[in-house]
Amino acid sequence: FICRKSESNSSMFVRAQVDYAHRAASSFASGGCGVRKLSAVPVFPRHQELLQNTRSPLGSRLAPARLQATSTSEMRESVRVSPMLLEEPVPAILEDIDTLVLDCDGVLWQGEDLIEGSKEALIKLREAGKQLLFVTNNSSKSRAMYVEKFRKLGIHAEKEEIIGASYAAAAWLKNQNFDKKVFSIGDVGVSLELEELGIEVASAEGAEGGPGCNVDQFKELKVDEDIGAVVVGCDQAFDYRKLCYASVAIQQGAAFVATNADSADSIGGRLMPGAGAMVEAIAAAAATRPTLVAGKPSPWLLQLLRTEFGVDFSRACVVGDRLDTDIQMGVDAGAKLNVLTLSGVSTWADVEAVQEAGEGAVPHVAVPTLSYLVG
């Protein structure tokens, strides 16, 4: 089916996205499909308030949505044709799933704030015996640092359950028997993952000395000849001098490794530039594309998940908030179930646009938040 569009589909606020989710789901339900509700678990109070205050473009109050399925198999069959937006929790949808590959930003939290119900959802998934893997394109933290962030947010997670883009980049270099130095652009998580795998991080002497680099300084710029790769993550201190140094190193033969290509993250209802913004700047300056993009949805990451973490995607559910990374990875992997959470970057309007264009990845299911998968 194609859900009716909302007048507020351009908003990036989580509240507006949940509101939009309810409008789309309710519009679908009002079509009289003779469907049966699979779960009687109520929505969160904030979501219920949104639903009660939502009106259709014609001004009539929308009734709570019902799910287009009388069984899990029928529901899965229906989503092969078109994505489904779920308005109420449906735990049965995960009955044939062994592993959940979960994004973090936009699924579990936004910035330093937990998304409502995410902690409780993870507890229920563990109690159901599901394997949980946390796969994030955020390169700012090492796996050990992520364990600490999970702990501070009251969530249990083991280091071995976390696959960050920085770790994926370091693991690729290790797999290539890389034995030179790396010039690292990014927060501390990038260099920590490289060093943990025994890869030397070059000092940034040539890239220091202030944010600027004039013509004369550029002519005198000396790049360490032992640098064999430039690894680029999100760097909150990124400046023109780093851009010049990285581009020269790449022009002199260093491999160009991007931790991820995410252009931005949704923070406080606005898009904050991500690693992809820095990657594109360096690509333009060096007049070349990255040798590798390590994070989602790269073939390398899929290989890593299959070989190192034993993921069988035929019994896995991929959950994320971005169509171009999370859902694209799930589609490429042939995951049994791909779920978009509308609590992050991509909206239901984006799903509709991709579907109408016939290009790009669409999920099997979209939900307001992760909690809607478990009840």
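Biologist: Which residue in E5 is the bridge partner of Val-101?

Modeller: This is a predicted model, in which local features need pLDDT of at least 70 and side-chain atom pairs count only at pLDDT 80 or more, whereas totals for chains, interfaces and linings use all residues. Residues are numbered from 1 along each chain as its sequence is written, and side-chain values use heavy atoms, with hydrogens and water left out. Strand E2 (residues 99-102) and strand E5 (residues 131-136) pair in the parallel sense over four bridges, where strands are DSSP runs of E with at least two residues, numbered from the N terminus, and pairing requires at least two DSSP bridges between them. Within E5, the bridge partner of Val-101 is Leu-133.

Biologist: What angle does the direction of helix H4 make with that of E5?

Modeller: Helix H4 (residues 118-127; helices are DSSP runs of H or I with at least four residues) packs on the sheet and touches E2 and E5, contact meaning heavy atoms within 4.5 Å. Axes are lines fitted to C-alpha atoms, for helices over the stretch in contact, and angles between N-to-C directions run from 0 to 180 degrees. For H4 and E5, the angle is about 140°.

Biologist: In the open sheet of seven strands, what is the strand order?

Modeller: Strands of a sheet pair through backbone hydrogen bonds, either parallel or antiparallel. In this sheet the pairing is parallel, and the order is E1-E15-E14-E13-E2-E5-E6.

Biologist: Why is one side of E1 and of E6 left without a neighbour in that sheet?

Modeller: Strand E1 covers residues 84-85 and strand E6 covers residues 162-164. One side of each is left without a neighbour because both stand at the edges, each with a single partner strand.

Biologist: How many disulfides does a search of the whole structure find?

Modeller: A disulfide is a pair of cysteine sulfur atoms within 2.5 Å. The sulfur of Cys-244 is 4.0 Å from the closest cysteine sulfur, in Cys-213, which is too far for a bond. Across the whole structure, the number of disulfides found is zero.
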